[in-house]
Amino acid sequence: MVHSRASFYIDQVASQATSFLQFEKLIFHPTPENLKKTDPSLVELNPDILITGISQTAEEITLFSLQIKELPFIEKVNVFQKKYDFQAEIHRFVLLIDLKP
């Protein structure tokens, strides 16, 4: 079975997540509208992959970002936001991923 390039990248990135992470959005080549809905300041950054989600711990977000940085096709990973939601007792995150050309 042959996967498209987008499916391959998404599968590889998602496979690095632990059970402590939950993705809310994972978008390959997000549109300016997708980025603006997440945070207006993201539009200028133009990432190849946008991931938003929640985690039980901040350490899991850091570990996940470090693991995906090691994938051979990843150019850069930015943890754009890491916020703790006191009411829900979870950490919210936004990851921006740039692929190698």
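Where does His-29 lie? I found His-29 in the loop between β1 and α2 (32-38). I took helices (H or I, at least four residues) and strands (E, at least two) as DSSP runs, numbered from the N terminus.

**Ground rules.** I am working with a predicted model, in which local features need pLDDT of at least 70, side-chain atom pairs count only at pLDDT 80 or more, and totals for chains, interfaces and linings use all residues. Residues are numbered from 1 along each chain as its sequence is written, and side-chain values use heavy atoms, with hydrogens and water left out.

**Backbone angles.** I looked up phi for two residues. Most residues other than glycine have a negative phi. His-29 is not a glycine, yet its phi is positive, near 50°. I then checked accessibility, where buried means under 20% relative accessible area, exposed over 50% and partly exposed in between (1.4 Å probe, protein chains only). His-29 comes out as partly exposed because its relative accessibility is 40%.

Asn-46 also has a positive phi, of about 50°, and is not a glycine. I located Asn-46 in the loop between α2 and β2 (49-55). With a relative accessible area of 54%, Asn-46 is exposed.

**Aromatic rings.** I paired rings of Phe, Tyr and Trp (its six-membered ring) if their centres lie within 6.5 Å; planes under 30 degrees apart count as stacked, over 60 as edge-to-face and the rest as tilted. This rule gives six aromatic pairs. Phe-23 is partly exposed, at 25% relative accessibility, whereas Phe-64 is buried at 1%. I also noted a cluster in which ring pairs link Phe-8, Tyr-9, Phe-28 and Phe-73.

**Ser-55.** Is Ser-55 buried or exposed? I recorded Ser-55 as buried because its relative accessible area is 2%. Ser-55 sits in strand β2. A polar atom of the Ser-55 side chain lies 3.5 Å from the backbone oxygen of Phe-20.

Which residues is Ser-55 in contact with, leaving aside its neighbours within four places in sequence? Counting heavy atoms within 4.5 Å as contact, I listed Phe-20, Leu-21, Glu-60, Ile-61, Ile-90, His-91 and Phe-93.

Note on methods: A polar contact is a pair of N or O atoms within 3.5 Å; within protein, one must be able to donate a hydrogen and the other to accept it, and residues adjacent in sequence count only if both atoms are side-chain atoms.
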